[in-house]
Amino acid sequence: MSHYLEFFRQFRTTFETTGAIAPSSRFLAANMAGPMKQHQGPKKVLEIGPGTGAVTRQIVKQIRPGDQLDLVELNDKFVEILHKRFDTERGFQEIKHQTAIHNCPLQDYGAAEEYDYIVSGLPLNNFPTELVSDIFKAYFRLLKPGGVLSYFEYMYVRPVRKVVSRGDENLRIREIDQIMGDYTRQFRVRRSWVWCNLPPAWVQHLQKEKGSSPELEQTASQNQT
């Protein structure tokens, strides 16, 4: 309950980067972590925007000896909570030596090796267009060929905003819709519907093509002009 209360406090003070009134449900979290269940051999996992660790808890269950888990979180309070969970909670404690928490924006994060799985809880629909474009470039820069990116968005938020918003906000939503649509059309392997969440959500699973270095910067740039 303390995690829910802190999440709500952060929602009230940092809505743009928190983006929800409550942590993800266990159903949404399990779906986000689902692709890594069948992985054979050591894997590298990156979670972006873990918040209080609702999805992290499901990821932790999939971490095996030899695996590596990195978490990138911008919110200082959430970072404090995450450190406490890895210090005090049994499942988290068991893999603490395989885990690193990075308190920084995703765009500033660099990694020595690419990741097999990226799980993102960033509220993309709240961000400026250019930031959304930069985030997707970072996703695919950090993702290994053949690796899977899983992220969620609340059902019908953008379609509704496209209808009810006006002016600059309408333009922002339409540009974000175009950027995200470019990536999903090219790389999506599955979309899951999760009704048991507040609010209900879609989980998008995108796979970076093997033997390629996909870059959509030019397409995104053209769509923003």
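This report describes the fold, confidence, salt bridges, surface patch and backbone features of one predicted protein model.

## Basis and confidence

Because this is a predicted model, local features need pLDDT of at least 70 and side-chain atom pairs count only at pLDDT 80 or more, whereas totals for chains, interfaces and linings use all residues. Residues are numbered from 1 along each chain as its sequence is written, and side-chain values use heavy atoms, with hydrogens and water left out.

The average pLDDT (the predictor's confidence in each residue, from 0 to 100) is 86 for the protein, and 84% of the residues score at least 70. Over residues 4–8 the pLDDT is below 50, and this stretch has 13 contacts (heavy atoms within 4.5 Å) beyond near neighbours in sequence in the model. Over residues 216–225 the pLDDT is also below 50, with 15 contacts beyond near neighbours in sequence. Where pLDDT is low, the predicted coordinates should not be read in detail.

## Overall architecture

The protein has 10 helices and 7 strands, where helices (H or I, at least four residues) and strands (E, at least two) are DSSP runs numbered from the N terminus. Among contacts between residues at least 6 apart in sequence, 73% join residues at least 24 apart.

Of the 225 residues, 51% count as buried; buried means under 20% relative accessible area, exposed over 50%, and partly exposed in between, with a 1.4 Å probe and protein chains only. The protein exposes about 11,200 Å², of which carbon and sulfur atoms supply 51%; accessible areas come from the Shrake-Rupley method with a 1.4 Å probe, and for residues only the protein chains shown count as cover.

## Salt bridges

A salt bridge is taken as a side-chain nitrogen of Lys or Arg within 4 Å of a carboxyl oxygen of Asp or Glu, and by this rule the count comes to 12. One of them joins E89 and R85, with the closest N and O atoms 2.7 Å apart; E89 is partly exposed at a relative accessible area of 25%, while R85 is buried at 7%. Another joins E94 and R90, with the closest N and O atoms 3.5 Å apart. Both E94 and R90 lie in helix 6 (residues 90–94), 4 residues apart, about one turn of the helix, and R90 is exposed with a relative accessible area of 66%.

D177 forms a salt bridge with K162, the closest N and O atoms being 3.1 Å apart. Since D177 lies in helix 9 and K162 in helix 8, the pair ties together parts that are 15 residues apart in sequence. D177 counts as partly exposed at 26% relative accessibility, and K162 is partly exposed too, with a relative accessible area of 23%. E153, R158, K162 and D177 are linked in a network of salt bridges.

Helix 9, where D177 is placed, covers residues 167–187. Not counting residues up to four places away in sequence, D177 touches R158 and K162. D177 and P159 are 18 residues apart in sequence and 8.7 Å apart in space, C-alpha to C-alpha.

N125 is placed in the loop between strand 4 (115–120) and helix 7 (129–142), and N125 is buried, with a relative accessible area of 8%. Leaving aside residues up to four places away in sequence, N125 touches E153, V157, R158, R161, R172, I173, I176 and M180.

## Nonpolar surface patch

Y156, V160, V163, V164, W193 and W195 form a nonpolar patch on the surface, with about 660 Å² of accessible area together. Patches are made of residues with over 30% relative accessible area and no salt bridge, like charges being joined within 9 Å and nonpolar side chains (Val, Leu, Ile, Met, Phe, Trp, Tyr) within 5 Å. Helix 8 (residues 157–164) gives the most to the nonpolar patch, with 3 residues. V160 is found in helix 8 and is partly exposed, with a relative accessible area of 46%.

## Backbone features

Most residues other than glycine have a negative phi, and most peptide bonds are trans. Y156, although not a glycine, has a positive phi of about 65°; Y156 is found in the loop between strand 5 (143–154) and helix 8, and counts as partly exposed at 40% relative accessibility. A cis peptide bond, with omega about -10°, joins L198 and P199, and P199 is found in the loop between strand 6 (188–194) and strand 7 (201–207).
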